[in-house]
Amino acid sequence: MKAKQPRVKYVEWHSPEELHEISLNWVSELKFIKDEQHFLDELIENHTLQLISKKTFEKSKNILQELSLSRKGIEPLLKKIINHHNELTILLDGVDQPIKEKQYKEDHWELTIEVSTYLNKYKEIKRKVFDLIKAIIKEGKQKRLLR
């Protein structure tokens with residue numbers, strides 16, 4: 001029988017200024033990732049022939065599918081963060097709205113988990129792409145040495 005995992009939920013109390021900074025950092029990080037994905041696209045494009053070879057095709061296909069899914073997920077996440085950031089006025093307007101304020105903080109907690117998960121998955125995919133390209137370049141160098 002499986003033991004039930006305790007559901008621990010620790011929510012740090014942030015000031016509106018800190019929540020503002022956190023949201024801006026998320027937006028900045030995701031915009032950087034969008035630029036980085038363009039770099040990865042060019043890197044992949046430069047090594048297309050090696051990526052579609054019999055030796056690496058299946059592995060590269062899976063990695064590129066993961067990268068594509070990551071690319072598709074960034075825009076909705078960015079919009080979600082920007083909307084969340086725009087709703088920060090709920091905490092700043094001086095009107096006591098405990099239900100809306102509590103909902104905002106719960107939304108922020110969920111968004112924190114979502115952004116963290118996205119960033120971790122993206123870093124893993126990026127590592128896989130770099131490892132694959134590194135292996136292709138290394139193999140190419142070895143072939144040239146043997147000639």
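Predicted model: local features only at pLDDT ≥ 70, side-chain atom pairs only at ≥ 80, totals over all residues.
Q: Which residues of α1 are buried, and what covers them?
A: A residue counts as buried when its relative accessible area is under 20%. In α1 the buried residues are Leu19, Ser23, Trp26, Val27, Leu30, Ile33, Glu36, Gln37, Leu40, Leu43 and Ile44. Their cover includes α2 (48–51), α3 (57–86), α4 (89–92) and α5 (98–146).

Q: How many salt bridges does a search of the whole structure find, and which parts does the pair of lysine 128 and glutamate 66 tie together?
A: The search of the whole structure finds eight salt bridges. In one of them, the side chains of lysine 128 and glutamate 66 meet with N and O 3.3 Å apart. Because lysine 128 lies in helix α5 and glutamate 66 in helix α3, this pair ties together parts that are 62 residues apart in sequence. Lysine 128 is partly exposed, with a relative accessible area of 26%, and glutamate 66, at 29% relative accessibility, also counts as partly exposed.

Q: Which residue forms a salt bridge with lysine 80, and in which helices do the two residues lie?
A: The partner of lysine 80 is glutamate 114, and the closest N and O atoms of this salt bridge are 2.8 Å apart. Lysine 80 belongs to helix α3 and glutamate 114 to helix α5, so the pair ties together parts that are 34 residues apart in sequence. Lysine 80 counts as partly exposed at 43% relative accessibility, as does glutamate 114 at 32%.

Q: Why do residues three or four places apart in an α-helix point the same way, and where do glutamate 124 and arginine 127 lie?
A: An α-helix has 3.6 residues a turn, so residues at that spacing point the same way. Here, glutamate 124 and arginine 127 are both in helix α5, three residues apart, about one turn of the helix. The two form a salt bridge whose closest N and O atoms are 2.4 Å apart. Glutamate 124 is partly exposed at 33% relative accessibility, and arginine 127 is partly exposed with a relative accessible area of 41%. Through salt bridges that share partners, Glu124, Arg127 and Asp131 are joined into one network.

Q: At what angle do α3 and α5 pack, and is their crossing left-handed or right-handed?
A: The general idea is to read the angle between the helix axes together with the distance between them. The axes of α3 and α5 are 10 Å apart, and the two helices pack at an angle of about 155°. Since angles over 145 degrees count as roughly antiparallel, that makes α3 roughly antiparallel to α5. The crossing of α3 and α5 is left-handed.

Q: Is leucine 132 buried or exposed, and which residues does it contact beyond its neighbours in sequence?
A: Leucine 132 is found in helix α5 and counts as buried, at 6% relative accessibility. Leaving aside neighbours within four places in sequence, leucine 132 is in contact with Leu51, Thr56, Lys59, Ser60 and Ile63.

Definitions and conventions
Residues numbered from 1 in each chain as written. Heavy atoms only, no water. Buried < 20%, exposed > 50% of the residue type's maximum accessible area, 1.4 Å probe, protein only. Helix = DSSP H or I, 4+ residues; strand = E, 2+ residues; numbered from the N terminus. Contact = heavy atoms within 4.5 Å. Salt bridge = Lys/Arg side-chain N within 4 Å of Asp/Glu carboxyl O. Axes fitted to C-alpha atoms, helices over the stretch in contact; angles between N-to-C directions. Parallel < 35°, antiparallel > 145°, perpendicular 65-115°, else oblique. Left-handed = near helix turned anticlockwise from the far one by under 90°.
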